[in-house]
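I looked up one thing at a time.

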Amino acid sequence: MLKWLWISVLVIILDQVTKAVAVDVLQFRELVPILPVFGFTLAYNTGAAFSFLSDAGGWQRWFFSIIAIAVSVFLVLWLKKLKEYERWQAIALALILGGALGNLYDRVVLGHVVDFLLLHYQDNYFPAFNIADTAISIGAVMLIIDMFRKPQQK
C-alpha cells in the first residue's frame with residue numbers, strides 16, 4: 001500500500017508552501033480575522049503539540065525530531081504491511097506521515113514549527129496550528145473511525 005505515499009508528498013508540499021506564504025505575508029502574533037471563529041496568525045513553536053516543552057532550552061528540538069523519524073519509519077512499515085482492501089487505513093497513515101514529515105522539516109531546518117491557522121471563540125483561542133497538524137489530526141480521527149467500523153477479529 002505504499003502507493004498511497006503520494007498523499008504524504010502532497011501534504012508535505014501543501015504544508016511547506018502555506019508556511020512559506022504565512023512567513024512572507026503575516027506579522028508575528030498579529031491576528032488577521034477571516035471569520036468570527038477563524039483567522040491567521042504567525043507563531044513559532046519550538047515544542048510539540050500545544051507548545052509542550054517549548055521553553056525547555058533547545059534539547060526538545062532533537063528529541064521531537066528523533067520521535068518524528070521513528071514514528072515515520074513505523075508508519076511506512078505499517079503501510080507496507082496493509083492489504084489492498086485496507087485503503088481507508090492507508091490514507092489515514094499517509095496523512096499522518098505527511099504531517100509528521102512536514103513538521104519534522106521545520107524542526108530540523110528552522111529549529112521551530114511554523115503555525116499560522118487560528119481557531120477562536122470570542123476571547124478564547126485554540127493554539128495556532130498548520131496544514132501538517134491538520135493532516136495528522138484527520139489521519140488520527142480516520143484511524144479511530146476505522147477501529148469502530150471493522151468487525152472484531154478473534
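I counted a residue as exposed over 50% relative accessible area, buried under 20% and partly exposed in between, with a 1.4 Å probe and protein chains only. The model is predicted, so I kept to its limits: local features need pLDDT of at least 70, side-chain atom pairs count only at pLDDT 80 or more, and totals for chains, interfaces and linings use all residues. Residues are numbered from 1 along each chain as its sequence is written, and side-chain values use heavy atoms, without hydrogens and water.

Next I listed the buried residues of α1: Ile-7, Ser-8, Val-11, Asp-15, Lys-19 and Ala-22. They lie on the same side of α1, because they cover an arc of only 100 degrees around the axis. The arc is taken from the directions from the helix axis to the C-beta atoms. Helices here are DSSP runs of H or I with at least four residues, and strands are runs of E with at least two, numbered from the N terminus.

Then I asked what the buried residues of α1 pack against. I found β2 (38-45), α3 (87-110), β3 (113-121) and α4 (131-149), with contact meaning heavy atoms within 4.5 Å.

For α4 I noted the residues that meet: Val-11, Leu-14, Asp-15, Thr-18 and Lys-19 in α1, and Ile-131, Ala-132 and Ala-135 in α4.
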